[in-house]
Amino acid sequence: MDRWRLLLVDDHALFREGLVGLFAYQDDFVVVGEAADAQTALAQTAALQPDIVLMDINMPGADGIATTRRLKSEFPDVIVVMLTVHDATDKLLDAIKAGAQGYLVKNIRSTELLDQLRGLKRGEAAITRRMAARILEEFQRGQVSTGSTKGSLNDLTARELEVLELVADRLSNKEIAARLVISEHTVKNHLKNILSKLHLRSRRQAADYGLARGWVRPPAPDT
């Protein structure tokens with residue numbers, strides 16, 4: 001059985017020790033690193049290449065949501081699950097917008113935590129029914145107030161905007177990868193995230209959408 005590699009990001013050492021003890025008895029997870037702040041979390045992610053990052057919100061310096069946004073921009077393949085004391089809907093929504101694939105509150109039982117994380121392997125989000133109901137409720141409120149499901153500029157990361165501009169400039173995935181010094185696989189992941197956030201189906205639609213709203217510069221005329 002493949003073991004999913006975990007990075008624990010929390011400024012409470014005692015809490016991290018408890019998680020390390022829990023995962024030590026699991027055959028399908030292994031803790032490969034720990035971090036107590038944003039800078040260490042980013043460095044550990046680059047060095048250790050974990051599959052999942054369990055991220056707290058309250059930390060010294062940048063908080064967990066800002067750290068998640070940057071981490072997902074730099075390492076889009078890494079799964080981030082918030083594990084926090086915050087039970088507020090605004091924090092939940094901010095975390096999901098930042099790119100988190102899960103949001104769990106620290107009063108969760110260890111068996112449910114493990115079940116939620118194993119669900120990630122099946123392509124599920126690590127989120128309780130109660131939190132999912134909140135997201136649905138907020139989505140329905142948004143539908144009523146705006147009448148639109150299209151994404152906004154604030155939904156895209158800086159890297160995603162770079163990719164979108166190069167798509168608008170008619171570059172292929174290979175050319176975008178070379179221009180940004182990233183892999184084609186990473187380019188595809190960025191495109192997937194862009195289409196998901198903007199609720200569009202193709203790269204051409206995304207480029208036209210960004211151009212129409214002035215998010216990206218028009219392509220240079222052919223010479």
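The questions and answers below concern a predicted model.

Reader: In which strand is Thr-84 found, and is Thr-84 buried or exposed?

Author: Thr-84 is found in strand E4, which covers residues 79-84. Residues under 20% relative accessible area count as buried. Thr-84 therefore belongs to the buried class, its relative accessible area being 0%.

Reader: Which backbone nitrogen does the side chain of Thr-84 reach, and at what distance?

Author: A pair of N or O atoms has to lie within 3.5 Å to be a polar contact. The side chain of Thr-84 reaches the backbone nitrogen of His-86, and the distance is 3.1 Å.

Reader: Which residues does Thr-84 touch, not counting residues up to four places away in sequence?

Author: Neighbours up to four places away in sequence are set aside here. Thr-84 then touches Asp-56 and Ile-57, and also Tyr-103, Leu-104, Val-105 and Lys-106.

Reader: How many salt bridges does the structure hold?

Author: A salt bridge requires a side-chain nitrogen of Lys or Arg within 4 Å of a carboxyl oxygen of Asp or Glu. The number of salt bridges in the structure is 12.

Reader: Which parts of the chain are linked by the salt bridge of Glu-34 and Arg-16, and how many residues apart are they?

Author: The side chains of Glu-34 and Arg-16 meet in a salt bridge with an N to O distance of 2.8 Å. This pair links distant parts of the chain, with Glu-34 in strand E2 (residues 29-35), Arg-16 in helix H1 (residues 13-23), and a separation of 18 residues.

Reader: Where do Lys-121 and Asp-28 lie, and how many residues apart are they?

Author: The side chains of Lys-121 and Asp-28 meet in a salt bridge at 3.9 Å, N to O. Lys-121 lies in the loop between helix H5 (110-120) and strand E6 (126-127), while Asp-28 lies in the loop between H1 and E2, and the two are 93 residues apart.

Reader: By how much of a helical turn are Glu-74 and Arg-70 separated?

Author: Glu-74 forms a salt bridge with Arg-70, with the closest N and O atoms 2.9 Å apart. Both belong to helix H3 (residues 64-74) and are four residues apart, so their separation is about one helical turn.

Terms used
Residues numbered from 1 in each chain as written. Predicted model: local features only at pLDDT ≥ 70, side-chain atom pairs only at ≥ 80, totals over all residues. Heavy atoms only, no water. Buried < 20%, exposed > 50% of the residue type's maximum accessible area, 1.4 Å probe, protein only. Polar contact = N/O pair within 3.5 Å; in protein donor to acceptor, adjacent residues only side chain to side chain. Contact = heavy atoms within 4.5 Å.
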